[in-house]
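Me: I'm new to this structure and would like a close look at one part of it. Could you walk me through how a pair of helices meets, and then what lies around it?

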Amino acid sequence: MKFSYQMPVKVIMGKGCVRQNADLFNKGWKKALIVTGKFSAKKNGAQDDVCHALSECGIQWEIFDDVEPNPSVVNVRNGAKAAIEVCADVIVGIGGGSPMDAAKAIAFLATNLVDDETLFKGAFETRPLPVIAVPTTAGTGSEVTQYSIITVPEEKTKKNLCHSALFPEIAFLDASYMEKLPHDITINTAIDAFSHAVESYLSKRSCSMSSIVALESMAVTCSCFETLRKHETIPFEIREKLLFGSMLGGVAISQTGTTAVHAMGYSLTCSDNIDHGRANGLLLCESLKFVYQQNSEKIDKIISVTGFKDINLLEVLFQAMIGRYNILSDDDIRHYTDLAIKAKSITNSVPQPDYDDVFGIYKRSVGII
Ligand code: NAP
Ligand code: ZN
């Protein structure tokens with residue numbers, strides 16, 4: 001057996017964990033930049049809890065709440081300007097994957113005002129500022145990854161800023177922030193988490209450690225799907241399970257990266273404005289059928305862990321949760337295939353789909369019927 005495994009984030013989970021562990025902010029920091037979206041962190045109590053903890057440690061703060069969903073390069077550069085202006089020495093990202101990813105890119109750019117090419121190489125001279133992550137969706141696992149996924153609108157795709165210095169120092173997981181998370185976002189983010197676990201398990205970079213984490217993530221997340229399908233009001237215990245499963249999915253991809261599903265999903269998000277998790281969900285089952293042709297053993301393991309009899313039953317459940325989107329013409333699909341085939345993450349796939357394979361997965365998943 002041979003592997004290397006690094007996951008340096010301190011993870012604290014539990015209701016009220018930010019206030020109860022306020023002393024963890026006591027690291028000599030003087031000024032925090034809170035990076036968040038426009039509304040949700042104020043409504044769900046996460047921002048108040050963070051401000052309270054910072055005050056207890058005598059840390060001043062400023063708020064950058066302009067993070068947009070699927071943050072762009074311009075968006076994070078504006079955040080970095082704010083960080084520099086206020087002399088922040090720590091960045092606290094509160095929200096879904098968008099604010100947490102933005103927090104990491106801002107932490108990077110605040111100490112290294114480099115051009116876009118250098119940014120996406122993850123090359124820096126000065127270590128990025130430390131990041132604290134407080135997730136308020138259960139899906140991306142960004143609180144435990146070294147990735148910051150940033151949209152490049154001119155290229156109609158997303159790029160990955162990746163460096164081990166971008167692992168947050170601490171992740172605070174409190175599912176009570178998700179109590180009023182809208183049902184569609186709850187479902188889309190849960191499917192994103194499931195997709196991370198599945199892609200990690202199937203990645204050519206998977207190892208014994210990452211596979212254990214990925215399989216547990218799948219089992220935990222999948223055990224919530226029936227509740228999500230049937231009910232709009234989600235009990236707290238299920239919220240906690242989803243948050244735990246999504247964190248595990250993040251740990252899994254921090255070791256392996258994602259694969260073709262994410263590479264293909266980016267086009268649906270950037271061109272058709274389809275939510276990140278839903279985009280993955282629309283593509284996942286056809287991708288699994290493609291992998292099955294050459295790697296049935298691993299797909300059978302996924303099926304057994306999740307309790308589904310076969311991929312078709314998973315597909316039926318997914319359609320009940322996220323509907324269908326069969327509207328893309330062959331021309332659209334050719335364009336999306338051109339983009340997806342160039343994405344770095346597609347090279348992690350086993351088997352690695354070629355142009356025709358990617359075209360076929362798109363066509364069967366989202367092509368006009
Ligand atoms: P998101 O874009 O962060 O948030 C979507 C929406 O949910 C926003 O309108 C947000 O409102 C709202 N929201 C967030 N928390 C809420 C709450 N507790 N209650 C009510 N509304 C809430 O969505 P996401 O799916 O979590 O993140 C997607 C992003 O993460 C994409 O850019 C994707 O590429 C990236 N991602 C990163 C990784 C990684 O490893 N780094 C992995 C997968 C995906 P506000 O704007 O008001 O907050
Ligand atoms: Zn994702």
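Reply: Let's start with helix α11 (residues 260–272) and helix α16 (residues 355–366), whose axes come within 11 Å and cross at roughly 55 degrees. Keep in mind that this is a predicted model. That angle is why α11 and α16 count as oblique to each other, and their crossing is right-handed. Now for the residues that meet there: α11 brings M264, S267 and L268, while α16 brings V358, I361, Y362 and V366.

Two of those names come up again when you look at the largest nonpolar core. This core has 70 residues, and L268 and Y362 are among the ones that touch the most other members, along with F194, M218, F225, F318 and M321. Take M218 from that group: leaving out residues up to four places away in sequence, M218 touches F194, A197, V198, Y201, I302, V305 and T306. There's also a second, separate core, with 27 residues, including L33, V67, V152 and L166.

One last stop is S203, which sits in the loop between α7 (183–202) and α8 (208–222). S203 has 2% relative accessibility, so it counts as buried. A polar atom of the S203 side chain lies 2.9 Å from the backbone nitrogen of R205. Further along the sequence, beyond four places away, S203 touches T256, T259, N348 and V350.

Definitions and conventions:
Residues are numbered from 1 along each chain as its sequence is written. Chains are lettered from A and ligands numbered from 1 in the order in which they are written. This is a predicted model: local features need pLDDT of at least 70, side-chain atom pairs count only at pLDDT 80 or more; totals for chains, interfaces and linings use all residues. Side-chain values use heavy atoms; hydrogens and water are left out. Helices (H or I, at least four residues) and strands (E, at least two) are DSSP runs, numbered from the N terminus. Buried means under 20% relative accessible area, exposed over 50%, partly exposed in between (1.4 Å probe, protein chains only). A polar contact is a pair of N or O atoms within 3.5 Å; within protein, one must be able to donate a hydrogen and the other to accept it, and residues adjacent in sequence count only if both atoms are side-chain atoms. Contact means heavy atoms within 4.5 Å. A nonpolar core is a set of buried Ala, Val, Leu, Ile, Met, Phe, Trp, Tyr and Cys residues joined through side-chain atoms within 4.5 Å. Axes are lines fitted to C-alpha atoms, for helices over the stretch in contact, and angles run from 0 to 180 degrees between N-to-C directions. Angles under 35 degrees count as roughly parallel, over 145 as roughly antiparallel, 65 to 115 as roughly perpendicular and the rest as oblique. A crossing is left-handed if the near helix is turned anticlockwise from the far one by less than a right angle, and right-handed if clockwise.
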